[in-house]
Amino acid sequence: MIDLHPASVARLLSAPPEQGTSLAAHRAHFGPLPPPGEAGLIDPVTRSGLRGRGGAGFPTGRKIAAVAAQPTSRRPVVVANGCEGEPVSGKDHVLLELAPHLVLDGALAVATALGADEVLLCLHRGDPIVPSVRAATAERQEGRTVRVVEVPRRYAASEESALVNFINTGMARPTAKPPRPFERGVGGHPTMIANVETLAHVALIARYGPDWFRAAGTADSPGTTLVTVGGAVAYPGVLEVALGVPLGAVLEMAGGLTGPAQALLVGGVGGGWLPADRALGVRLEHAELRAAGAALGVGTIFAMPAGVCGVTETARVASYLAGESARQCGPCMFGLPAVAGDLWALSNAAEDPATIVPRLRRRLGLLPGRGACGHPDGFARFVRGALDTFADDFGNHAYGRPCPGGGRPWLPLPTAGDPTPAGWQ
Amino acid sequence: MNARRLQVDPIACTAHGVCAELLPELIDLDEWGYPVLPATAVPRRLTAAAARAVAGCPALALRLSAVPAGVARSTDP
């Protein structure tokens, strides 16, 4: 018997794993998905305060309502996003492995509410979970098409307009807005795109209602959330926690720190770094993490141990993200590699820091709001936060003083993909 | 007339730089040759020049669009 930490709340992951993940086992545990009551689905989801779990945290009820408000001549499409583009996140995989039918319940409930006759579930191409998710979708052909779409494994390929672009044209690069997918998405139809965890919460709200949902979490960020905990903790992995718990409590649930930590990377590489001494008391919720300089994002918490170099890690992440630019918008295509180059120049003490630092700051100011998607914005936020969090490390590097990290890489990052358009097909 | 501001389709823009030549009062180019646009409305005295810059963009990437609520309007006449 595993001792559950008091902050642990099992909702999405409450089904006993020994029963398996079949539709019958799912229904035995959660009960059947009830037909929408008088209030429909949009109203309870809106009142629940559910915010998207794919990174941006947009209110889900408002998003469904925006699709529902489109002219009715074209039937909406529902897209469940299970790509999990954040390289340090594993929560969507765990959810799809343990509770695929909860995700499908949510997607089908939204499809019913919108009168959609197609549900598309997006996964990374070649992902090992594809066969089991396909098997689950095969059990759910309930009068509307439910199918799996395999998307290239690129960081920006699971951005909403990129998913729509891929489904429509085979090219998984973001497109200019407007139109946004809720106006004109898959096949030109209004399209509701939601992260798979978001949809699983919708499935529970449809069963138990908004008040039940709000019994966990905070007013700003209600409910539970899946978190991926990694780095210098005893038991790295995916946990379900109530939003609003302090980051330190989440680390304890993962067995606690294995040694002194310098900083926490919160919200993935789309989030930001927080110095460890200040971070442990920060609560896991949108408003408080933003105020602290990170973001809830997809709910990852990575503890960076002593002896890892913040400058090198930041330069590594910057190079990875620069390589993941879709190379469509000039400021992203040229600006990200330029900033990554500045970071490596600081890391290697290759140039006078009095030259590099002002240039780096100026370049960071040229990124936000200048791409078709938020990729350059997230990149700039991440690097800015790193300059503050690792100010001492940057100072040591820039003046050639010894670095405790010795250049050893720490954060597990994939190698960046093919930069040519073929890498996005 | 309603206030309008300059916007660029960042995918269509290929850094010809014509806009900055036609409208240097409002448009700077970054170090890679892409326009940096003011978030505020185009002042009235420059509306004709802004329209020329939009028409002159070889990539058809520049446009004038309505200023959304909440964006500061230039006080420049």
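What pattern does chain B follow when you read along the sequence? Select chain B, colour by secondary structure and trace the chain: you get β-α-β-β-α-β. One thing to keep in mind as you click around is that this is a predicted model.

**Stop 1: chain B**

Stay on chain B and tally the elements: there are two helices and four strands. The chain has 77 residues, and 25% of them are buried. Now look at how the contacts run. Taking those between residues at least 6 apart in sequence, 68% join residues at least 24 apart.

**Stop 2: the domains of chain A**

The assignment puts domain 1 at 17-214, domain 2 at 224-305 and domain 3 at 310-416. Zoom in on where domain 2 and domain 3 of chain A meet: 12 residues of domain 2 are in contact with 12 residues of domain 3. Which strands of chain A each supply at least two residues to the domain 2 side? Pick out strand E7 (261-266), strand E8 (272-275) and strand E9 (300-305). E8(A) gives the most, with four residues. Colour that side of domain 2 by residue type and you'll find eight nonpolar residues, four polar ones and no charged ones. If you like a distance to go with the picture, the C-alpha centres of domain 2 and domain 3 of chain A are 22 Å apart.

**Stop 3: a helix pair in chain A**

Next, select residues 330-347 and 353-365 of chain A, which are helices H14 and H15. Their axes come within 10 Å and cross at roughly 155°. Angles over 145 degrees count as roughly antiparallel, so that is how H14(A) and H15(A) sit relative to each other. The crossing of the two, H14(A) and H15(A), is left-handed.

**Stop 4: A:Val164**

Last, centre on A:Val164, in helix H7 (residues 160-169) of chain A. Is A:Val164 buried or exposed? It counts as buried, because it has 26 C-beta neighbours inside 10 Å. Leaving out residues up to four places away in sequence, A:Val164 touches A:Pro181, A:Gly185, A:Val186 and A:Thr191. Draw a C-alpha to C-alpha line from A:Val164 to A:Pro181: the two are 17 residues apart in sequence and 7.1 Å apart in space.

How values were computed. Residues numbered from 1 in each chain as written. Chains lettered and ligands numbered in written order. Predicted model: local features only at pLDDT ≥ 70, side-chain atom pairs only at ≥ 80, totals over all residues. Axes fitted to C-alpha atoms, helices over the stretch in contact; angles between N-to-C directions. Parallel < 35°, antiparallel > 145°, perpendicular 65-115°, else oblique. Left-handed = near helix turned anticlockwise from the far one by under 90°. Buried ≥ 20, exposed ≤ 12 C-beta atoms within 10 Å, placed from the backbone. Contact = placed C-beta atoms within 7 Å. Domains from an automatic or database assignment. Nonpolar A, V, L, I, M, F, W, Y, C, P; charged D, E, K, R; others polar.
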